[in-house]
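Please walk me through this structure.

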Amino acid sequence: MAPDAVVPDAPQFEDGEQRRSAATLGMWVFLATEVLFFGVLFGGYAVIRLLNYDAFVVGSHHTDVVLGTVNTAVLLTSSLTMALAVRGAGLGQRRDTTRWLVLTLLLGLAFLGIKGVEYYQEYQDALVPVLAFRYQGPHAQGVLLFFYLYFVMTGLHALHLIIGVAVVGAMVVRNRRGHFGPEYYIPVELTGLYWHFVDVVWIFLYPLFYLVARV
Amino acid sequence: MSTIAAAPEPSYIDVSYTLRSWLTTHDHKRIGLLYVVSITFFFFIAAVAAAIMRVELLTPAGDLLEADTYNKLFTVHGVVMVWFFLIPSIPATFGNFLLPLMIGARDVAFPRLNLASWYVYSLGGLFVIITLIAGGVDTGWTFYTPYTTMFSNTHVVAAICGVFIVGFSSIFTGLNFIVTVHRMRAPGLNWFRLPLFVWAQYATSLVMVLATPVLAMTLALVAIERILQVGIFDPALGGDPLLFQHLFWFYSHPAVYIMVLPAMGVVSEVIACFARRPVFGYRFMVYSLLGIAVVGFTVWGHHMFVSGQSMYAGMVFSLLSFLVAVPSSIKVFNWTATLYRGSVSFEAPMLYALGFIALFMMGGITGIWLAALAADVHLTDTYFVVAHFHYIMVGAAVMAYFSAIHFWWPKITGRLYPESWARLAAIVMFIGFNLAFFPQYIAGFLGMPRRYHAYPPEYEVLNILSSAGAAVLAVAYVLPLIYLGWSLLRGPRAGSSPWGATGLEWETTSPPPRDNFRRPPRVDGPPYAYDTERGHGP
């Protein structure tokens, strides 16, 4: 069992239960704002795809479906390790928690690495709007918009994941210092909620950019 | 952090007088006051812009300002008034100060996030000031594409940064309030014992949290499109300008309810107190607040009746817009019914609140005209629309803001203000407002378009009346600064409950101690426990 957790001061709360339920509700509300934040992009994607369906088919065939699929598997696995980390923290198994958190962090980094490889390939194929875009085939303007949305949406997702990786890293440090125990592990739990959210966003991004009209 | 002193407990003001103690405070009451200072500053910037416009419009010819300058003025007026004054006006100030007091909590759920929201607000404000110094922005507060992304030669990106950033301050506030109301209520204070002010803040917070991210992302896309010349809004780039309008109004129509719902909360408290009766139909008041918040999300298309959206979309949006009138009028009827057989007295907060009802009714009824498709084709982009939303946003919401200032002034400062001066200011404000904006209804109905610095001579009389009204209104806005400033230094001490009002905030001292209550309060009954039978006790 872990020694007593180091609980930061929060005089506004009556007790630990109120504190925990407030923190998780706050996180859920924050995730609701995130849904709306990404929602604009998904809405924009829907409209532009309706106007340029053929171009989106072409564009989708220019993304790397193999790497995209591998990345999906990597990220889904990281959600499993994250869930196990939260469970470990709740049970006070500090060593296990560290292990699962580190694994989550490594999977997150792996996702970002693979994403970086994809971006580099797309740069070499001159499919990056503004920076290098020389696609000359049919529906050129629509393909440009496809890749614009691709980079904005996967880029914003990657930004969220980078933040997630940093936060998981902080959790590793705090966990090793013995800040958490069965009576206080709110930060690990909230990190988990955030991590799963970022994962869920990817589950929507994956079909929209890799699987349009692929049988 | 200073250590907590022994009894007698100092008030939240007396805890420490240093600037540092204010700038690093986690106290919701102090953060509320930080917001008061900031939004007052921005209110006067935006008001000066309006005043210059009203001077230009004294004569039909565009003789004082260039057209471009005029465009920049109404843009600054709109951007600053909407995002830096009206949106935070009641929630970030009185909401912050009162919400924890009203539910018997020591603070909001996330005090550090609360302080962060003020700093984020200030950072956003800094961008607006930079925009102004650099030469302004001329797109109108609506940032319509493709003008914004393609044609405007002004500082669009800086202005967008300001609005983008300030959005997060209202998200932080909304998030904090939702969690606070859910999780921090005192023992016995169940949902249907909450004061309507708290319900109003709660409904507002829902709108803030669900609408603001949409604006933030949309404006981010506009900025990217302007900088990189690739994007989804400009038709020349393959985009859809209507998409921008849909996304913009998906935020900006609910934003109107961010401004007016908290005002309704204030008015409910004040009317009940000065009519000495419980608010009539309490549950209906709650449901209508939530109803406005929810239906308010489905009416944005009425800003786009002439934009080229589908006719059927127009019909649906028209119908839904009529529907918002139902919960809104329930509120007006219930306030009126609260007054009926009450022992009404007319202190300044009450005068402001009654002014709110009158102006809200005018603004609301003209809103019904604008929700009608055919009428809107005639009235779109005329001064009729300008008058309509000023009746709601300036008439109603700002009257309620002043009502709140006067009602809770003794609680916040511990001092009384000079009542007769305050009544005078309330009356002058009501007269000045109507003189300024009622002629605009007529001018608009006769066809005067908005957003021009010059106009045909037949509208001259109406515009002179309007500018005169603006001058009267300016006096009414400056008066409280003077007598409230005097009260701050010389006003007689207020007891803990100078109005004899109910509510937990009146049970603690004025000004309250840092932790609000000496003993955690318990609640064992509904709000507004005023004597219902005239003159008889319960």
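**A buried glycine and its surroundings**

Gly231(B) is buried, because 27 other C-beta atoms lie within 10 Å. A residue counts as buried with 20 or more other C-beta atoms within 10 Å of its own, as exposed with 12 or fewer, and as partly exposed in between; the C-beta atoms are placed from the backbone. The model is predicted: local features need pLDDT of at least 70, side-chain atom pairs count only at pLDDT 80 or more, and totals for chains, interfaces and linings use all residues. Residues are numbered from 1 along each chain as its sequence is written, while chains are lettered from A and ligands numbered from 1 in the order in which they are written.

Gly231(B) sits in the loop between helix H7 (196-228) and helix H8 (241-275) of chain B. Helices (H or I, at least four residues) and strands (E, at least two) are DSSP runs, numbered from the N terminus. Leaving aside residues up to four places away in sequence, Gly231(B) touches Tyr148(A), Thr149(B), Leu221(B), Ile224(B), Glu225(B), Leu237(B) and Gly239(B). Contact here is C-beta atoms, placed from the backbone, within 7 Å. Thr149(B) is 82 residues from Gly231(B) in sequence, yet their C-alpha atoms are 9.3 Å apart.

H8(B) leads on to helix packing. H8(B) packs with helix H9 (residues 282-295) of chain B at an angle of about 170°, the axes 10 Å apart. Axes are lines fitted to C-alpha atoms, for helices over the stretch in contact, and angles run from 0 to 180 degrees between N-to-C directions. H8(B) is therefore roughly antiparallel to H9(B). Angles over 145 degrees count as roughly antiparallel, under 35 as roughly parallel, 65 to 115 as roughly perpendicular, and the rest as oblique. H8(B) contributes Tyr257(B), Leu261(B), Met264(B) and Ser268(B); H9(B) contributes Met285(B), Leu289(B), Ile292(B) and Ala293(B). These residues divide into 7 nonpolar, 1 polar and no charged. Nonpolar means Ala, Val, Leu, Ile, Met, Phe, Trp, Tyr, Cys and Pro; charged means Asp, Glu, Lys and Arg; the others, Gly among them, are polar.

A second pair is helix H2 (residues 28-56) and helix H4 (residues 111-134) of chain B, with an angle of about 10° and axes 10 Å apart. H2(B) and H4(B) are therefore roughly parallel. Their contact divides into 8 nonpolar, 5 polar and no charged residues.

Now the core. The largest nonpolar core has 235 residues, and Val267(B), Phe356(B), Ala396(B), Ala397(B) and Ala400(B) have the most contacts inside it. Such a core is a set of buried Ala, Val, Leu, Ile, Met, Phe, Trp, Tyr and Cys residues joined through C-beta atoms within 7 Å. H8(B) gives the most to this core, with 24 residues. Among the residues that Ala396(B) touches are Val260(B), Ala263(B) and Phe356(B).

Helix H13 (residues 383-413) of chain B has a kink of about 45° at Phe407(B), shortly before Pro410(B). The bend at a residue is the angle between axes fitted to the seven residues ending there and the seven starting there. Of the 31 residues of H13(B), 30 are buried. Just after H13(B), Gly414(B) takes a positive phi of about 80°.

How many residues does each chain give to the contact? Chain A gives 28 and chain B gives 27. H1(A) gives the most on the side of chain A, with 19 residues. That side divides into 18 nonpolar, 10 polar and no charged residues. Chain A itself has 6 helices and 2 strands.

Definitions and conventions:
Contact = placed C-beta atoms within 7 Å.
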